[in-house]
Amino acid sequence: MEQVLEFGAREAAQLFRDAELTVAALTHRAFAYDTADKARAACDRLAQTIETAAEIGAQSIIMTTGGRGEHSWSDAADRFAAAIAPAREMARAAGIQLGIEPTSHLYSDVSIAHRLSDTVEIARRAGIAPVIDIFACWFDADIERALATSSPLCPIAQISDYVYGDRGLPCRAVPGDGAIPFETIIPAMVSSGFAGWLDLEIIGPRLQAEGEEAGLRRAGALLGELLVSAGAPDGRST
């Protein structure tokens, strides 16, 4: 969102049209809901993001829930669902999906969604979409069930790998270079009805050392092969 506003939403929209690119998603910073004042301000800020997303033609908006403050997890989930309701209706009217993603517990100040199944539950309560971030949830004990539930509802899935021994964030790797079993995860998503976008969200020193162009091409090639073998049309998820 910040990059689009800095460049100019109208100018960005024109660039996307000229390049014949589809805008899969616009990233919004964390929502906030632990007090009534914060919830109102968060809705106003999200309304601006929805307007910008509509202007550039984004199909979805991805965000984290915001921290829970002093509230219990379940109370925080209900508060989030109630607080986001006006923005949810605004997004629906604009034809844009709102989605929340799981993230590391190290970001508990900006999210209550860490396991994928918890993300699905929060999204269900809020009437919005779950977003799959494989890096954040591949080790969940119930990942197979969570993928089956979330995949048909998910507008976009973020893909990157984890190498055992990496300790400091950001430490994402090119798919195939680490421990995440994409050879089972991608087919599980496709067979469960995933029809969204795949987002190569690879950040950190590993990709920089190799070079972004080379690393992203390798990632795209591997995912294309996995999609083809999983039966996705033309090797694409959408």
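1. Helices α2 (residues 9-18) and α3 (residues 36-56) pack with an angle of about 35° between them and their axes 8 Å apart. Axes here are lines fitted to C-alpha atoms, for helices over the stretch in contact, and angles run from 0 to 180 degrees between N-to-C directions. Helices (H or I, at least four residues) and strands (E, at least two) are DSSP runs, numbered from the N terminus. On the α2 side the contact involves Ala9, Arg10, Ala12, Ala13 and Phe16, which meet Thr52, Glu55 and Ile56 of α3; contact means heavy atoms within 4.5 Å. By type, the residues of this contact are five nonpolar, one polar and two charged. Ala, Val, Leu, Ile, Met, Phe, Trp, Tyr, Cys and Pro count as nonpolar, Asp, Glu, Lys and Arg as charged, and the others, Gly among them, as polar.

2. On the basis of the model: it is predicted, local features need pLDDT of at least 70, side-chain atom pairs count only at pLDDT 80 or more, and totals for chains, interfaces and linings use all residues. Residues are numbered from 1 along each chain as its sequence is written, and side-chain values use heavy atoms, with hydrogens and water left out.

3. The largest nonpolar core has 36 residues, of which Phe31, Leu46, Ile56, Phe80 and Ile84 touch the most other members. A nonpolar core is a set of buried Ala, Val, Leu, Ile, Met, Phe, Trp, Tyr and Cys residues joined through side-chain atoms within 4.5 Å. Two or more residues each come from α2, α3, β2 (60-63), α4 (73-93), β3 (97-100) and α5 (116-126). Helix α4 gives the most, with eight residues. A second, separate core of 25 residues includes Leu116, Ile159, Tyr162 and Phe194.

4. Phenylalanine 80, leaving aside neighbours within four places in sequence, is in contact with Phe31, Tyr33, Met63, Thr65, Ile100, Ile122, Ala126 and Ile128.

5. Arginine 88 lies in helix α4 and is buried, with a relative accessible area of 17%. Buried means under 20% relative accessible area, exposed over 50%, and partly exposed in between (1.4 Å probe, protein chains only). Not counting residues up to four places away in sequence, Arginine 88 touches Leu98, Ala126, Gly127 and Ile128.

6. The largest pocket has a volume of about 1,600 Å³. A pocket is an open set of points on a 1 Å grid over the protein atoms alone, where a 1.4 Å probe fits, with protein on both sides within 12 Å along at least five of seven lines; lining residues have an atom within 4 Å of a point. Grid points are joined across faces, edges and corners, and the volume is the space filled by probe spheres set on the points. Of the 49 lining residues, Thr27, Glu101, Gln158, Asp199 and Glu201 are the closest to the centre. Elements giving two or more residues to the lining are α1 (2-7), β1 (25-27), β2, α6 (134-137), β6 (156-159) and β7 (197-200). The lining divides into 28 nonpolar, ten polar and eleven charged residues.

7. The peptide bond from leucine 169 to proline 170 is cis, with omega near -5°, and proline 170 sits in the loop between β6 and α8 (182-191). Glutamate 20, in the loop between α2 and β1, has a positive phi, near 55°, in a residue other than glycine; glutamate 20 is exposed, at 74% relative accessible area. Glycine 57, in the loop between α3 and β2, is partly exposed at 41% relative accessibility. Glycine 57 and alanine 25 are 32 residues apart in sequence and 9.0 Å apart in space, C-alpha to C-alpha.
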